[in-house]
Amino acid sequence: MGNLPREWVDGSVVRLNRQDPYLRLQSVTIYVRDLDRSLNFYLDQLGFQLIFDARVQPSRRFVTVAPPDGTANLTLVAPEPGSEQVKLIGRPAPVTFVTEDVIAKYREWTKRGVRFQFAPRLKRLKYGVHVRAAHSADPSASTAEHAPIWGGVFTRFKDLDGNSFSLVSFDEVTQAVEAQRRALAARLESERRAAQELEIAKQVQARLFPQTLPPLKTLEYAGMCIQARKVGGDYYDFLDLGQERLGFVIGDISGKGIAAALLMANLQANLRSQCAIALDQPQRLLRSVNQLFCENTPDGAFATLFFAEYDDTACRFRYANCGHLPALLLHSDNTVERLDATATVLGIFKDWDCEIGECKLHPGDTLALYTDGITESYNSADEQFGEQRLIEALQRHRGACSQAALASIVDEVQRFSPREQHDDITLIIVKHRGS
């Protein structure tokens, strides 16, 4: 639409500079005899939209309608009997409607009973476009463009009161509408493909979470991750280390969405491919995982991780907390032990090491590993769910099995924060049931 005169271009522009106030045509007044009868004509026969229907006095009413596209409106007014405005009813209105296809609109409206004054006609001529130079205060300062061939089809139609309007189509308008239609179709197809690919990514990531639970004699356990988006950066895993030992893993990747999901998959692959060395050398495993994570992630990306190795025979729990939230160990006597950080986060420092903590699990003990989607969920009063509410929930459900306690606690978090979920919710519950 490079050659299209500015007054033909549909749409409005909001400018950031308030010194040049926003301005557009709001409405054109059309005088009619019967507002309700005319309103039915514009809405039912022409397919216009009702914008406004108001009474300024008990006997004074006006109605504003608009065509489906564009910004200008028609305000229908029934003037006072005997007033000067009555004389304006049934005259040609200085209003032109533009469409991409006059013939199609002519046939559609004719079937609905709209009266046209003549069949659509084709007209072509050369025109010169003179546009005032931008930001020029001199009305005579203008620029002339090449004189292209103007082509269009036009006709006129009347409303119920005889007010007549022009209906036209311009070559440039038709081309521009078609270009917009193609652009919209391309955007919708791109969005459809993106949504389809995201759904596939969701299914793939779901398969990265544990599909089976290796059995233990002394523990029963369960894990869950509810993502805030289709895919996310939270990670949990159960690693069969052999020799009656099981690895518990929970992590949180910095960022959200696809980028975090890709890093989560990278971290999971690193851990699973090297978990064989965790049995005797968990520090070596985590050093290697950190090294690979540093090499495969962009600057500024990192992960918090809680890794634990449980010996089913000795009921011994060895762990490394790499910048993650403290695990909560609730003993049978209602005391709470917090398993705090023993190292910094993964992925930032290549020269990295960790310490290994150790504790014993006894019958009746409950262990909870979680991400900040649990404790940092907010309610309507802008309060966090927090660690203390999590501890109280764990105590309330200590008699239930791990799977039931897990479902109940996640439900409590979601009821506490019923608004849109902004972060992944991930939780592992481990219970010692005795030998």
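**The interior and its surroundings**

Guide: Of the 435 residues in the chain, buried residues make up 43%, where buried means under 20% relative accessible area, exposed means over 50% and partly exposed lies in between, with a 1.4 Å probe and protein chains only. This is a predicted model, in which local features need pLDDT of at least 70 and side-chain atom pairs count only at pLDDT 80 or more, while totals for chains, interfaces and linings use all residues. Residues are numbered from 1 along each chain as its sequence is written, and side-chain values use heavy atoms, with hydrogens and water left out.

The chain has eight helices and 21 strands, these being DSSP runs numbered from the N terminus (H or I of at least four residues for helices, E of at least two for strands). Among contacts (heavy atoms within 4.5 Å) between residues at least 6 apart in sequence, 66% join residues at least 24 apart.

The largest nonpolar core has 51 residues, and Phe248, Leu267, Leu305, Phe306 and Phe317 touch the most other members; such a core is a set of buried Ala, Val, Leu, Ile, Met, Phe, Trp, Tyr and Cys residues joined through side-chain atoms within 4.5 Å. Strand 15 supplies the largest share of this core, six residues. A second, separate core of 23 residues includes Phe48, Val63, Phe97 and Phe165. Returning to Phe306, and leaving aside its neighbours within four places in sequence, its contacts are Phe248, Val249, Ile250, Phe317, Tyr319, Ala320, Asn321, His324, Ala327, Leu339 and Leu369.

Strand 15, which spans residues 303-311, also holds Glu309, and this residue counts as buried because its relative accessibility is 1%. The side chain of Glu309 is joined to that of Arg318 by a polar contact of 2.7 Å, the term meaning a pair of N or O atoms within 3.5 Å, of which, within protein, one must be able to donate a hydrogen and the other to accept it, and for which residues adjacent in sequence count only if both atoms are side-chain atoms.

Another glutamate, Glu337, belongs to strand 18 (residues 336-339) and is partly exposed, with a relative accessible area of 29%. Residues touched by Glu337, not counting those up to four places away in sequence, are Ala327, Leu328, Leu329, His331 and Cys359, and its side chain makes a polar contact of 3.0 Å with the side chain of His331. Glu337 and Leu367 are 30 residues apart in sequence, and their C-alpha atoms are 9.4 Å apart.

Leu267, named above as a core member, is also one of the residues through which helix 4 meets helix 5, together with Leu263, Asn266, Asn270, Leu271 and Gln274. On the side of helix 5, the residues are Leu285, Ser288, Val289, Leu292, Phe293 and Asn296. Helix 4 (residues 257-274) and helix 5 (residues 282-296) pack at an angle of about 145°, with their axes 10 Å apart; the axes are lines fitted to C-alpha atoms, for helices over the stretch in contact, and the angles run from 0 to 180 degrees between N-to-C directions. The crossing of helix 4 and helix 5 is right-handed, a crossing being right-handed if the near helix is turned clockwise from the far one by less than a right angle, and left-handed if anticlockwise.
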